Amino acid sequence: TGVLVAMPEEGRALVDAMRLEDRLEHGRREFLFGDLWGERTAVVIARCGKVAAATTATELIVRFGVETIICTGVAGGVGEGVAIGDVVVADELVQHDLDPRPLWPRHIVPLLETGSFPVDAPLSDRIAAAASDHADAGAGGRVHRGLIVSGDQFIHGPAMARAIREALPTTLAVEMEGAAVAQVCYEYGVRCAVFRTISDRADEDAAADFTGSLGAFAASHTLGILSGVLGSGGA
Ligand code: ADE
């Protein structure tokens, strides 16, 4: 299993929990290999954005042979009732900033004929169950399932958030990597799941909330949830 996060703060707790066997600096990013709760795992800090995420996912698959990629970290809450501290588990992912009109419809990846990338349902079910357990065990927050959208933009104001909601009304959360990872996994036939802790509401307070959440609870949410997923059979 490969666990892909964008930022060091999102991955540090995982790396600390890992029995580290090997580390490799490659392509200006660090891959850490080892054992997490009995499961052979590669944790990688991809850096932010779709290009970095797609490149990293491709490396995990082609060079390191992972069969599953879990993309995690934080996201901005866009859907109604999606609050800071909640967890969103993706059912599908779309690149909100992909627009090849008038040649193809909005959000469609040209020549791939789709713009909505699936996740592995059984793995996502297990992540959602682990997230509920983690919330009940004291972390708090609610667990949502649905559409996560990705783009190369930090969404930080009502107009930006409204534009996403208007174009993709079922959006629960926005981030900068998940749909790119899901597209690569789709193309290579690799199992994929994406879950995110909500760090901000993609509003005018987003930058400050993002920084605060990263320092406060984002890493511990990721760690608590993954501990209920990895090593428990087949991830
Ligand atoms: N990741 C966390 N919060 C985000 C936001 N508001 N926009 C884009 N990516 C994010």
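1. A crossing of two helices is right-handed if the near helix is turned clockwise from the far one by less than a right angle, and left-handed if it is turned anticlockwise. The term is needed for the helix pairs below. The structure is a predicted model.

2. Helix α2 covers residues 50-62 and helix α5 covers residues 178-188. Their axes come within 8 Å and cross at roughly 35°. The crossing of α2 past α5 is right-handed. On the α2 side, the contact is made by K50, A53, A54, A57, T58, I61 and V62. On the α5 side, it is made by A180, V181, V184, C185 and Y188. Sorted by class, this contact between α2 and α5 holds 10 nonpolar residues, one polar residue and one charged residue.

3. Helix α6 (residues 206-227) takes part in a crossing with helix α3 (residues 121-139). The two axes come within 8 Å of each other, at an angle of roughly 120°. Helices α3 and α6 are therefore oblique to each other. Their crossing is right-handed. From α3, the residues I127, A130, A131, H134 and A139 meet S220, H221, G224 and I225 of α6. The class count for α3 with α6 is five nonpolar and four polar residues, with no charged residues.

4. Helix α6 also crosses helix α1, which spans residues 8-17. Here the axes come within 8 Å and the angle is roughly 45°. The crossing of α1 and α6 is right-handed. In α1 the residues in contact are E9, E10, A13, L14 and A17, and in α6 they are L214, A219, T222, L223 and L226. By class, the contact of α1 with α6 has seven nonpolar residues, one polar residue and two charged residues.

5. Next, the ligand. How many residues surround the ligand? There are 13, and the closest are G76, Q153, F154, I155 and D200. A polar backbone atom of G76 is 3.2 Å from a ligand nitrogen atom. For I155, a polar backbone atom is 2.8 Å from a nitrogen atom of the ligand. D200 uses its side chain: one of its polar side-chain atoms lies 2.6 Å from a nitrogen atom of the ligand.

6. The peptide bond that runs from R101 to P102 is cis, and its omega is near 0°. P102 is in the loop that links β6 (87-95) and β7 (116-118).

7. Where does R28 lie? It is in the loop between β2 (19-26) and β3 (29-36).

Note on methods. Residues numbered from 1 in each chain as written. Predicted model: local features only at pLDDT ≥ 70, side-chain atom pairs only at ≥ 80, totals over all residues. Heavy atoms only, no water. Axes fitted to C-alpha atoms, helices over the stretch in contact; angles between N-to-C directions. Helix = DSSP H or I, 4+ residues; strand = E, 2+ residues; numbered from the N terminus. Parallel < 35°, antiparallel > 145°, perpendicular 65-115°, else oblique. Contact = heavy atoms within 4.5 Å. Nonpolar A, V, L, I, M, F, W, Y, C, P; charged D, E, K, R; others polar. Near = heavy atom within 4 Å. Polar contact = N/O pair within 3.5 Å; in protein donor to acceptor, adjacent residues only side chain to side chain.
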